[in-house]
Amino acid sequence: MLRSLQHAALTVPDLEVGRAFYEGMGLETAQLGDSLVFRCPGRAQNQVRLVEGKKKRLAHVSFGTTAAELPGVVRALEAGGTKLIDSPYKAGGDGIWFRDPDGDLVNVVAAPDQPQSRPPVALNNAGDFKRLGRRGAPNRDIEATPRRLGHVLKFSLDLQRAIDFYTGKLGMKLSDRIGNLAAFLRFGGDSDHHTLALAQSQGTGLHHMSFEMGNLDQIQFCAQRMIDKGYRDGWGVGRHIYGSNYFHYIRDPWNSLVEFFWDIDFIPGNAHWEVENAEAGPESLYQWATMPPPEDFLANFERA
Ligand SMILES: [Fe+2]
């Protein structure tokens, strides 16, 4: 079964436009063959890959499993009639490659989830004091950079078909669902509430990549920094219902979104979790926010 989210890859017309955006967020860049890859400081794992192409589109999503489990993943896919295909890349094409029922390219590698070496932010909560004898209000120029890629939300032509595929073949679990609007899937072992989410659309594409921050201050400092650089505000700050995380979304240069999040629900592999299926509507998207979701929040800008 799938154990980790490794990275998401986009085809974009100009790699340097992408470099400016992700470096603006605080990610670190490296070259991989003809493409650029981006990592979070303190974490030895590529999180975003940009490949040059005619127009922006989701190129692939890469997941990790263990070397022991990879043959079982292959068997499950083949038993369901999913064919493995060759990697489209000369460099960085490890693992197995296939298309999910929406036609999106998926990669599974035998690779661990890398730890984050930067220490967590010290918080003070009643009964749980972790910041003693010093002031907590951060300066405006603190390092507010993502700690890891937490999840990807992509569009799907058929939510139920995609849920059946990722749960039936790849060991994911459905955490919650918003009717025919969206579904939230997690890994079968210990997992964030969602690591892959799906939104119903007439076409495929990336809705957002979501990066974990150290706390609420860091969400806002990073979002504000991107707005100051001229990137468009997406939506936030607020708190979701499904996943419970605080969020602030910023539009990337191609009109999909990055989300900065903190305090997401974490579900142990052996926990009992009751799936909720909410009525679709704007209220299902948030517990509170400084404003309701913009009209184009769920628009699929990749649709031709
Ligand atoms: Fe998200």
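The model is predicted, so local features are reported only at pLDDT of at least 70 and side-chain atom pairs only at pLDDT 80 or more, while totals for chains, interfaces and linings use all residues. Residues are numbered from 1 along each chain as its sequence is written, and side-chain values use heavy atoms, with hydrogens and water left out.

S244 sits in the loop between β16 and β17 (246-251). Strands are DSSP runs of E of at least two residues and helices are runs of H or I of at least four, numbered from the N terminus.

Next, select G236 and V237. The peptide bond from G236 to V237 is cis, and its omega is near 5°. V237 belongs to strand β16, which covers residues 233-239.

**R239 and D263**

Remain in strand β16 and select R239 together with D263. Their side chains form a salt bridge, with an N to O distance of 2.6 Å. This pair connects distant parts of the chain: R239 is in strand β16 and D263 is in the loop between β18 and β19, 24 residues apart. A salt bridge is defined as a side-chain nitrogen of Lys or Arg within 4 Å of a carboxyl oxygen of Asp or Glu. R239 is buried at a relative accessible area of 19%, whereas D263 is partly exposed at 34%.

Now inspect the backbone of D263. Although D263 is not a glycine, it has a positive phi of about 65°. The loop that holds D263 runs between β18 (257-262) and β19 (266-267).

H151 in strand β10 (residues 148-156) and H208 in strand β15 (residues 205-212) link distant parts of the chain, 57 residues apart. Both H151 and H208 are buried.

**Further salt bridges**

By the rule stated above, the count comes to 15 salt bridges. Select R43 and D113, whose side chains meet in one with an N to O distance of 2.7 Å. R43 lies in the loop between β3 (35-39) and β4 (46-52), and D113 in the loop between β7 (105-110) and β8 (124-125), 70 residues apart. R43 is buried at 6% relative accessibility, while D113 is partly exposed at 45%.

Then select R118 and E143, a salt bridge in which the closest N and O atoms are 3.8 Å apart. Because E143 is in the loop between β9 (128-129) and β10 and R118 is in the loop between β7 and β8, the pair ties together parts that are 25 residues apart in sequence. R118 counts as buried at 15% relative accessibility, whereas E143 is partly exposed at 48%.

To finish, select E16, R19 and E23, which are linked in a network of salt bridges.

Methods: Buried means under 20% relative accessible area, exposed over 50%, partly exposed in between (1.4 Å probe, protein chains only).
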